[in-house]
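Welcome to my notebook. Here I jot down what I looked up, one entry at a time.

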Amino acid sequence: VLLSRKVLAPMIDNMERQKQFVTNAGHELKTPLAIISANADVLELESGQSEWLRSIRHQTARLEELIRNLLSMAKMEEQETPLAFRTFSLSETAVDVAETFTTLAEANGLALELDIQPELTLNGNEEAIRQLISILMDNAIKYAAKSTLVTLRLKSRGRSGALLEVSNVCVQMPEGDLSRLFERFYRADASRARQSGGYGIGLAIAQSIAQTHKAKISARREEDQRICFAVSF
């Protein structure tokens, strides 16, 4: 036991240093990104919109999203005290989060279908669950084939459980083991991810949130080229 602790100590120390670096770097990057965004605003006021300014805004938004996700993951991993849990309406939370994606779905030529059983509750951290549902909805809309249906379902799983499912039609179904989609920075289709702005970290955060709530998250292939992400609470 003493020998194993001695062998593992450098690895543990290295992991802690990496977590701290991510946290520090994330906070340091926020300021220059804010300055770039402000400068883009000034340039637009002086010279009007242009292709180059749109590109600057797009790439700045991508980096801001990446930093938010990295900081969110680092925060969960460094959490010394558990998240505050309370009983809340999972049904109302799911409806509230899903409806915020209606405009984005329409802008991407998609239809959004909600099938949410009312009066389902969950003992957990509502803010974290909102983030989990948002990640799954955002992922479905980003990678859905045009003019198809994105579905969110929530139903009872017995006396004390609930099942949340988000599904979409894929342009190209990911190959191999779908559990790899929850690995950090894993992207089944790198070219498609670049087009959509994905970095392969959102689903890893969703998995961390599910694990914090002792829930199981998984992905499966369905008929008609559909992929379904399910969370069993």
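**Entry 1: two helices.** I started with α3 (residues 90–99) and α5 (residues 126–143) in this predicted model. How do their axes cross? I found that the axes come within 10 Å and cross at roughly 45°. That angle lies between 35 and 65 degrees, so I noted α3 and α5 as oblique to each other. I also looked up the hand of the crossing, and for α3 and α5 it is right-handed.

**Entry 2: who touches whom.** On the α3 side, I listed Leu 90, Thr 93, Ala 94, Asp 96 and Val 97 as making the contact. From α5 come Glu 126, Ile 129, Arg 130, Ile 133 and Ser 134. Sorted by class, the contact has five nonpolar, two polar and three charged residues.

**Entry 3: along α5.** I then checked the length of α5: its 18 residues reach 26 Å from first C-alpha to last, close to the 26 Å expected. Which residues of α5 are buried? My list includes Glu 126, Ile 129 and Ile 133, which I had already met in the contact with α3. Leu 132, Leu 136, Met 137 and Asn 139 are also among the buried ones.

**Entry 4: Val 169.** Next I turned to strand β5 (residues 162–169), where Val 169 is found. Is Val 169 buried or exposed? Its relative accessibility is 15%, and under 20% means buried, so I wrote down "buried". Leaving aside neighbours within four places in sequence, I found Val 169 in contact with Tyr 143, Ala 144, Ala 145, Thr 148, Leu 149, Asp 224, Gln 225 and Arg 226. Ala 144 is 25 residues away along the chain, yet the C-alpha atoms of Val 169 and Ala 144 are separated by 5.3 Å.

Methods. Residues numbered from 1 in each chain as written. Predicted model: local features only at pLDDT ≥ 70, side-chain atom pairs only at ≥ 80, totals over all residues. Heavy atoms only, no water. Axes fitted to C-alpha atoms, helices over the stretch in contact; angles between N-to-C directions. Helix = DSSP H or I, 4+ residues; strand = E, 2+ residues; numbered from the N terminus. Parallel < 35°, antiparallel > 145°, perpendicular 65-115°, else oblique. Left-handed = near helix turned anticlockwise from the far one by under 90°. Contact = heavy atoms within 4.5 Å. Nonpolar A, V, L, I, M, F, W, Y, C, P; charged D, E, K, R; others polar. Expected span 1.5 Å × (residues − 1). Buried < 20%, exposed > 50% of the residue type's maximum accessible area, 1.4 Å probe, protein only.
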